[in-house]
Amino acid sequence: RPTIILFGDSITEFAFGQQVDDDRGDGDGSTGISTTIGWSSLLASAYSRRADVLSRGFSGYNTKHAISVMPSIFGNTSDNADHDDGHTRNENHSPEVPVLFYTVFFGANDASLPTARQHLPIEEYESNMRQIVNNIRSSPSNQSTDSNSTSNQQQQQDQPPIILFTPPPVSAKAWDHYCTVTSPRPLSPRSNDNCREYGKVVQQIAKDMDCAVVDTFSLLGGDQDDVDVDDEEYYAKYFVDGLHLNNEGNAIVYRGLMETLKEHHHELLPMVDGDGRYGSSGVPLEEKLWSELC
């Protein structure tokens with residue numbers, strides 16, 4: 001059965017839904033996050049019996065941290081060999097298992113303000129994001145078995161697509177309140193303007209490197225001039241704490257991903273006609289229908 005690999009930070013890690021009073025947040029105690037659905041759980045439901053959704057989300061990570069763990073997820077490549085951390089290579093995904101597509105969803109932590117521990121300058125963020133795309137494309141599972149007779153351009157066209165996500169908007173006021181009152185921890189100050197600028201970088205990388213992009217910043221209203229992201233009525237629509245998504249926010253991101261697939265990679269959508277197995281296009285159901293067996 002093919003796989004879909006999701007690579008990102010806490011917004012990916014928590015995307016199967018999270019309950020309060022767990023201890024898998026930023027390393028500073030309870031996340032305080034309570035959601036019953038997530039964008040990856042909705043994705044897994046849509047691809048049930050068609051593909052396995054593998055979440056590789058790492059709460060609190062920026063793109064520098066992401067690069068350091070890539071060998072243990074995607075296997076060692078010439079691009080990431082310098083980031084060897086002693087992990088077993090490619091232990092999470094077999095190259096024999098086909099991948100439908102990858103998602104890369106980093107930037108919320110990189111775009112934190114310079115006083116935050118996770119902050120990375122925008123130039124470093126851009127360089128890291130480009131390296132992440134290159135590392136995935138050069139991973140062992142994405143290499144042609146006949147590389148001598150296949151051009152680099154053809155290899156890229158034959159590889160599973162990589163879908164980039166812009167950082168979502170953030171309500172700095174709500175997040176500061178969460179860090180100081182709701183679940184006390186060291187401040188990690190944020191800025192919606194920073195999220196916008198880092199998102200522009202993702203858009204440009206997507207154009208340069210032939211990736212589709214899910215603009216979560218726009219989907220969640222961050223680009224609307226008449227919206228005050230610090231207004232409680234706004235952030236309560238989509239966020240549990242000003243930064244992490246609630247049920248509605250997760251549903252919007254999921255719908256945005258599916259619309260992006262429909263526009264750029266419609267052949268990778270779940271097959272819906274022909275009883276979901278014998279249709280004209282899309283990813284079919286696995287194995288015979290029950291009606292064919294009895």
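# Group meeting: helices and their contacts

Hi everyone. Let me start with a crossing: helix 2 and helix 10 pass each other in a right-handed way. A crossing is called right-handed if the near helix is turned clockwise from the far one by less than a right angle, and left-handed if it is turned anticlockwise. Helices here are DSSP runs of H or I with at least four residues, strands are E runs of at least two, and both are numbered from the N terminus.

Before going on, the ground rules. This is a predicted model, where local features need pLDDT of at least 70 and side-chain atom pairs count only at pLDDT 80 or more, while totals for chains, interfaces and linings use all residues. Residues are numbered from 1 along each chain as its sequence is written, and side-chain values use heavy atoms, with hydrogens and water left out.

Now the overall picture. The protein chain has ten helices and five strands. Of its 294 residues, 52% are buried, where buried means under 20% relative accessible area, exposed means over 50% and partly exposed is in between, with a 1.4 Å probe and protein chains only. Take the contacts between residues at least 6 apart in sequence: 70% of them join residues at least 24 apart. A contact, by the way, is heavy atoms within 4.5 Å.

Back to helices. Two packed helices are described by the angle between their axes and the distance between the axes. For us, axes are lines fitted to C-alpha atoms, for helices over the stretch in contact, and angles run from 0 to 180 degrees between N-to-C directions.

So how do helix 2 and helix 10 sit relative to each other? Their axes come within 8 Å and cross at roughly 50 degrees, which makes helix 2 oblique to helix 10. The angle classes are: under 35 degrees roughly parallel, over 145 roughly antiparallel, 65 to 115 roughly perpendicular, and the rest oblique. On the helix 2 side the contact uses W39, L42, L43 and A46, and on the helix 10 side N250, A251, V253, Y254, L257 and M258. Sorted by class, that is nine nonpolar residues, one polar and no charged. In this scheme Ala, Val, Leu, Ile, Met, Phe, Trp, Tyr, Cys and Pro are nonpolar, Asp, Glu, Lys and Arg are charged, and the others, Gly among them, are polar.

Next, helix 4, with two partners to show you. Helix 3 (residues 63-74) and helix 4 (residues 122-137) have axes that come within 9 Å and cross at roughly 10 degrees, and the two are therefore roughly parallel. Helix 3 brings T63, K64, A66, I67, M70 and F74 to this contact, and helix 4 brings E124, Y125, N128, M129, Q131, I132, N135 and I136. The classes here are eight nonpolar, four polar and two charged.

With helix 7 (residues 192-208), the axis of helix 4 comes within 10 Å, crossing at roughly 35 degrees, and this crossing is right-handed. I122, Y125, E126, M129 and R130 of helix 4 meet E197, Y198, V201, V202, I205 and D208 of helix 7. That splits into seven nonpolar, no polar and four charged residues. Two of the residues named there, D208 and R130, are 78 residues apart in sequence, with C-alpha atoms 9.5 Å apart. D208 counts as partly exposed, at 44% relative accessible area.

Helix 6 (residues 172-182) has buried A172, A174, W175, Y178 and C179, and these pack against helix 9 (232-238). C179 has a relative accessible area of 1%, and another buried cysteine is C211, at 9%.

A quick word on backbone. Most residues other than glycine have a negative phi. Yet R49 has phi near 70 degrees; R49 lies in the loop between helix 2 (39-46) and strand 2 (52-57) and is partly exposed at 32%. E287 also has a positive phi, near 70 degrees; E287 sits in the segment after helix 10 (247-264) and is exposed at 54%.

That segment after helix 10 also holds S281, partly exposed at 38%. What does S281 touch, leaving aside neighbours within four places in sequence? M271 and D273. Thanks, and happy to chat!
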